[in-house]
Amino acid sequence: MPWHRLSPDELALLEATFWSGGVARHALADTLQFSRSKTNALTAGLLDQGLLDEAGAQHSTGGRRPETLKVHGRIGVLFGVDIGATSLDVALLRPDLTIIARHSQEADVQAGPGPIMARLRSLLPAMLAQNGIAPDRVLAVGIGVPGPVNFAVGQLVNPPLMPGWDSYAIRDDMREITDAPVFVDNDVNLMALGVLWRQRKQIDNFLVIKVGTGIVCHGELYRGATGSAGDIGHICADPEGPLCRCGNRGCVEAMAAAPAIVAMGVDAAQSGRSPALAAKLAEKGRVEASDVGAACRAGDAEADAIVRRSGRLIGQVLAALVNFYNPSHIFIGGGVSAIGPMFLAAIRQSVNQRSLALSTRHLEITAAPLGSETGLIGAGVLAMREALRSGSPA
């Protein structure tokens with residue numbers, strides 16, 4: 001690890017530079033509440049070690065133009081891994097989180113850890129080799145999974161979507177291919193980290209929704225006492241509702257998440273209530289959540305009703321969180337974000353109807369800013385941040 005002998009102050013300065021994406025010395029001093037002389041001395045040392053880089057002058061506000069400091073791009077690379085319910089996405093990233101290479105494929109998380117972990121063990125070395133990067137250049141690996149995670153040990157805990165993954169040692173598995181530290185967290189937590197990085201920590205209190213919730217409180221990811229904070233997918237929306245994979249009835253995930261939207265879309269197509277979805281089902285043999293959104297935008301009444309119902313139920317659960325937590329922003333990500341503006345509008349309407357006026361006065365509800373890459377970028381953020389924070393001083 002290139003920073004394993006740095007002091008705590010040097011690590012703090014390096015982490016602050018990473019979060020900024022490019023920053024002047026005086027801004028670092030203000031952020032860290034260090035004196036200008038101390039900041040200059042720390043910066044000079046990190047520049048000499050090749051950990052920081054001067055990336056050009058900033059605009060002057062009077063006097064000499066300050067240099068922009070960035071984490072040096074040649075210190076190594078990161079791997080971000082986003083394991084979804086039906087997909088596997090891997091990105092090889094620079095320390096500034098620009099993507100060097102990316103691979104995506106379909107994957108069935110319910111098949112157990114064997115097939116997916118075997119694919120990772122072959123894919124990561126292959127991506128390094130294809131890009132001419134030595135294995136010892138990997139700084140850290142961040143992995144997101146669709147289930148509750150005990151972050152301290154990097155293991156899933158009774159994940160409803162992931163049979164066979166309970167207490168599986170993902171870190172131990174990855175040690176077969178890399179000596180770099182591996183960090184595992186819930187996929188929506190990583191989306192929240194991706195948004196936090198994209199916003200340069202300028203928003204302190206917000207929620208990221210993928211029918212699970214990543215919570216950022218006072219500029220830091222909030223996991224709760226055991227790592228399960230934010231799992232709103234299993235909040236009950238209707239006690240008499242359909243059976244959820246967790247074993248309970250009426251969970252918002254079972255009633256309003258992307259699989260539920262797809263199921264309602266297929267039913268509408270097969271019954272003939274939705275000509276647009278019936279045509280889509282006949283054309284490709286399946287209906288996706290994005291198809292329901294497209295049909296809604298095209299004026300299909302049944303698709304419109306599905307989208308509004310799902311948005312209303314999700315908004316109903318979010319309203320309770322808004323009243324309790326009072327965030328300034330809610331970002332919607334994952335597969336449901338592709339459904340379109342009517343879905344966001346239905347969520348906003350439900351939240352505004354059910355929340356206290358003061359809680360929603362300045363609340364913004366929008367799509368996640370990094371789109372489909374939010375989870376991958378968040379995995380890179382996790383890898384870089386935790387690797388820096390675990391650096392041991394001399």
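Guide: Let us begin with a residue of a strand. Leaving aside neighbours within four places in sequence, I100 is in contact with V77, L92, L93, R94, N131 and I133. I100 belongs to strand β5, residues 99-106. The model is a predicted one, in which local features need pLDDT of at least 70 and side-chain atom pairs count only at pLDDT 80 or more, while totals for chains, interfaces and linings use all residues. Residues are numbered from 1 along each chain as its sequence is written, and side-chain values use heavy atoms, with hydrogens and water left out.

Visitor: What makes V77 a residue in contact with I100?

Guide: Contact means heavy atoms within 4.5 Å. V77 is listed among the contacts of I100, so the pair has heavy atoms within that limit.

Visitor: Why is I100 called partly exposed?

Guide: Buried means under 20% relative accessible area, exposed means over 50%, and partly exposed is in between (1.4 Å probe, protein chains only). The relative accessibility of I100 is 25%, so I100 counts as partly exposed.

Visitor: Is T17 buried or exposed, and how do you know?

Guide: T17 has 1% relative accessibility and therefore counts as buried. T17 lies in helix α1, residues 8-20. Not counting residues up to four places away in sequence, T17 touches G22, V23, L28, L52, L69, K70 and V71.

Visitor: What does the side chain of T17 reach, and at what distance?

Guide: The side chain of T17 reaches the backbone oxygen of L13 at 2.8 Å. A polar contact is a pair of N or O atoms within 3.5 Å; within protein, one must be able to donate a hydrogen and the other to accept it, and residues adjacent in sequence count only if both atoms are side-chain atoms.

Visitor: Where is R348, and which backbone oxygen does the side chain of R348 reach?

Guide: R348 is in helix α12, residues 341-354, and its side chain reaches the backbone oxygen of I365 at 2.7 Å. Apart from neighbours within four places in sequence, R348 is in contact with I365 and T366. The C-alpha atoms of R348 and G315 are separated by 6.7 Å, although these residues are 33 apart along the chain. With a relative accessible area of 31%, R348 is partly exposed.

Visitor: Why is S274 called buried?

Guide: The relative accessible area of S274 is 0%, so S274 is buried. S274 is found in the loop between α8 (258-271) and α9 (275-284). Beyond residues up to four places away in sequence, S274 touches A268, A269, D300 and E302.

Visitor: What makes A282 an exposed residue?

Guide: A282, placed in helix α9, has 68% relative accessibility and so counts as exposed. The C-alpha atoms of A282 and C246 are 32 Å apart, and the two residues are 36 apart along the chain.

Visitor: How many helices and strands does the protein chain have?

Guide: The protein chain has 14 helices and 14 strands. Helices (H or I, at least four residues) and strands (E, at least two) are DSSP runs, numbered from the N terminus.

Visitor: Why is the protein chain called as compact as a globular protein of that length?

Guide: The radius of gyration is taken over C-alpha atoms, and the globule rule is 2.2 Å times the number of residues to the power 0.38. The protein chain has a radius of gyration of 22 Å, close to the 21 Å that the rule gives for 394 residues, so the chain is as compact as a globular protein of that length. Buried residues make up 50% of the 394 residues.
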